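Please keep the structure in view while reading.

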Amino acid sequence: MQFVFDGHNDVLLRLWTHERDGGDPVAEFSNGIDLGHIDAPRAKAGGLAGGLCAIYVPSGDLVFADPDKNGHYVTPLAAPLEPLSSLRIATEMAAIALRLDRAGAWRLCCTVKDIRKAMADDVFAAVLHMEGCEAIGADLAALQVFHAAGLRSLGPVWSRHNIFGHGVPFAFPMSPDTAPGLTEAGFALVRECNRLGILIDLAHITEKGFWDVAKTTDQPLVASHSNAHALTPVARNLTDKQLDAIRERRGLVGVNYATAMLRSDGRSDGDTPLSDMVRHIDYLVERVGIDCVALGSDFDGATIPEEIGDAAGNQKLIVALQRVGYGARDLEKLASGNWLRILASAWGEEAA
């Protein structure tokens, strides 16, 4: 089994949602559940040893657009969120992450050494990530608090606008060059994340925002769950020019399992073959190199290929990659090694 460290999941959103309906997040993650994609039993079954676990405040007004007769669609951006309610929800999700850690259901990791130790101990290695920073004010005081609670990665925006910058819509076909980039507050956020050692994630930001981060950050360029725009021209995927910049900065692209970002027709359809995933991985490896590609599943946040199903099916992708010629060393890089290298760099550690 090839152990996987994954660059993005929304399990905290699922646990938070179920807790609001009376569920027990610790029991749900520890014992397993038939819903969603990730819990401890299914993670172990599929070799999912850890990953970046997102604090994501949902947009209640977002309704995905239906494709027209040509298969094209544009989902309007979700409205900006209210700061105080966003902070409350984000704090509740962080509290769930801490409760899971204290119960031994997973281990919150703040260093690559922590991740390696958790993997060796057969405990899910969770890194706290924030997807869209609506819970953080322009004074960045909340950023200090979340950092103290274990936050080590963030994306300034989700697919909506906030005080830090602009997000891209869910649209096909469309360029990621859809709106302005970082605001002045966004530039300040990036600089403070550099100081604190918090990874900057470019997965949902506009193309202009991508270049704004690139000229400001001292970190490698990372898009935790994005694919190749040349193969699937959704606004969320990365252009060749963006991929070239990631290669030049020795950054990373985490391949997203979301079918709408894999299929040539941009459809959200679970009946999507693993060959579409392999196609994107092959393209990215050719464009940026084997050292700059990893996995960013979007488990619990997207429609994924039915053949994988959930975290328990993760090794099916590994087998598919073996069949087309990826060897043991390259698979180790794709599955975990490249993420550990990037995190070590962003966090100011020695190379992992």
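This is a predicted model: local features need pLDDT of at least 70, side-chain atom pairs count only at pLDDT 80 or more; totals for chains, interfaces and linings use all residues.

The open sheet to which they belong has three strands in the order β9-β10-β11, with parallel pairing, and its edge strands, β9 (222-223) and β11 (293-295), each pair on one side only.

Two helices lie across these strands. Helix α10 (residues 274-288) lies across β10 and β11 and runs at about 145° to β11, whereas helix α12 (residues 328-346) lies across β9, β10 and β11, at about 110° to β11.

In soluble globular proteins, nonpolar side chains tend to be buried together. Here the largest nonpolar core has 92 residues, of which F29, W106, M130, L143 and L154 touch the most other members. Apart from it lies another core, of 19 residues, including V222 and A346.

## Salt bridges

The model has 24 salt bridges. One of them joins R42 and D310, with the closest N and O atoms 3.3 Å apart; this pair links distant parts of the chain, since R42 is in helix α3 and D310 in the loop between β11 and α11, 268 residues apart. Both R42 and D310 are buried.

In helix α7 (residues 184-196), R195 and E192 lie three residues apart, about one turn of the helix, and they form a salt bridge with the closest N and O atoms 2.7 Å apart. R195 is exposed, with a relative accessible area of 58%, while E192 counts as buried because its relative accessibility is 15%, and buried means under 20%.

How values were computed
Residues are numbered from 1 along each chain as its sequence is written. Side-chain values use heavy atoms; hydrogens and water are left out. A nonpolar core is a set of buried Ala, Val, Leu, Ile, Met, Phe, Trp, Tyr and Cys residues joined through side-chain atoms within 4.5 Å. Buried means under 20% relative accessible area, exposed over 50%, partly exposed in between (1.4 Å probe, protein chains only). Two strands pair if DSSP finds at least two bridges between them. Helices (H or I, at least four residues) and strands (E, at least two) are DSSP runs, numbered from the N terminus. Contact means heavy atoms within 4.5 Å. Axes are lines fitted to C-alpha atoms, for helices over the stretch in contact, and angles run from 0 to 180 degrees between N-to-C directions. A salt bridge is a side-chain nitrogen of Lys or Arg within 4 Å of a carboxyl oxygen of Asp or Glu.
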